[in-house]
Amino acid sequence: AYDSKKSGGFTVSHLRFGPSPITSTYFVNQADYVACHKSAYVTQYDMLEGIKDGGVFVLNSHWSDKDMAKELPAAMRRTIARKKLKFYNVDAVKVATDVGLGGRINMIMQTAFFKLAKVLPIDKAIALLKESIKKEYGKKGDKIVNMNVDGVDQTLANLIEIKVPATWAKAAD
């Protein structure tokens, strides 16, 4: 699902993984992993609709763990606490900017996905990401390749698990 005005728009990707090919087409109604790539969306959409108990939620924001209580809507905090979600934050824009990618956060968010979704061992996933970067951007020169590789390398150190206070389960609107 996507916004037809794609540039900076809203996109929902339904990804399914398994040991054998998946040939049927359907949306994921019960997600193990949800990532919000734009912090403003937490107040605009129900980002956690359908996430499974114990699922993983990743937010791209510049907020500290202390900021979360005031920045996240009460309904979202309740869902995070009540469903016992594993909640992570990464300031992907800062990582991308620091390595020279501007606001291009794709590689940072992909690295976070592979670390947390565990569809591949992380070392293998990172090696494959770096291989794909060289293949995709190699013609644009070493500088572009190195910036993307640096983005991948900087992601894990900037991926922070947010400790969820028990009080979030009763967060008031």
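These notebook entries record what I looked up in the predicted model.

**Entry 1. Conventions.** I worked on a predicted model, where local features need pLDDT of at least 70, side-chain atom pairs count only at pLDDT 80 or more, and totals for chains, interfaces and linings use all residues. Residues are numbered from 1 along each chain as its sequence is written, and side-chain values use heavy atoms, with hydrogens and water left out.

**Entry 2. Overall layout.** I looked up the secondary structure and found 7 helices and 4 strands. Helices (H or I, at least four residues) and strands (E, at least two) are DSSP runs, numbered from the N terminus. From that end, the order of elements is β-α-β-α-α-β-α-α-α-α-β.

**Entry 3. Dimensions.** I read the spans of the C-alpha trace along its principal axes as about 50 × 40 × 35 Å.

Entry 4. I noted that the chain exposes about 10,800 Å², of which carbon and sulfur atoms supply 52%; the areas come from the Shrake-Rupley method with a 1.4 Å probe, and for residues only the protein chains shown count as cover. Of the 173 residues, 36% count as buried, where buried means under 20% relative accessible area, exposed over 50%, and partly exposed in between (1.4 Å probe, protein chains only). I found 26 positive and 18 negative side chains, with the centres of the two sets 2 Å apart. Lys and Arg count as positive and Asp and Glu as negative, while His and the chain ends are not counted; each charge is placed at NZ of Lys, CZ of Arg, CG of Asp or CD of Glu.

**Entry 5. Nonpolar cores.** I defined a nonpolar core as a set of buried Ala, Val, Leu, Ile, Met, Phe, Trp, Tyr and Cys residues joined through side-chain atoms within 4.5 Å. The largest has 27 residues, and those with the most contacts inside it are Val-58, Val-90, Ile-108, Leu-116 and Leu-159. At least two residues of this core come from each of strand S2 (51–60), strand S3 (86–90), helix H4 (92–98), helix H5 (106–117), helix H6 (122–137) and helix H7 (142–158). H5 gives the largest share, 7 residues. Apart from this core lies another, of 20 residues, including Cys-36, Phe-57, Leu-59 and Met-76.

**Entry 6. Contacts.** I took contact as heavy atoms within 4.5 Å. Leaving out residues up to four places away in sequence, Leu-116 touches Tyr-33, Val-56, Val-58, Tyr-88 and Leu-159. Among contacts in the chain between residues at least 6 apart in sequence, 59% join residues at least 24 apart.

**Entry 7. Helix H3.** In H3 (residues 74–82) I found Ala-74, Met-76, Arg-77, Arg-78, Ile-80 and Ala-81 buried. Their cover includes helix H1 (41–44), S2, helix H2 (68–71) and S3.

**Entry 8. Two lysines with positive phi.** I located Lys-84 in the loop between H3 and S3, with a positive phi of about 50 degrees just after H3. Lys-84 is exposed, with a relative accessible area of 65%. Lys-84 touches Gly-54 and Thr-79, not counting residues up to four places away in sequence. Its C-alpha lies 9.8 Å from that of Ala-166, 82 residues apart in sequence. Lys-118, in the loop between H5 and H6, has a positive phi of about 55 degrees although it is not a glycine. At 66% relative accessibility, Lys-118 counts as exposed.
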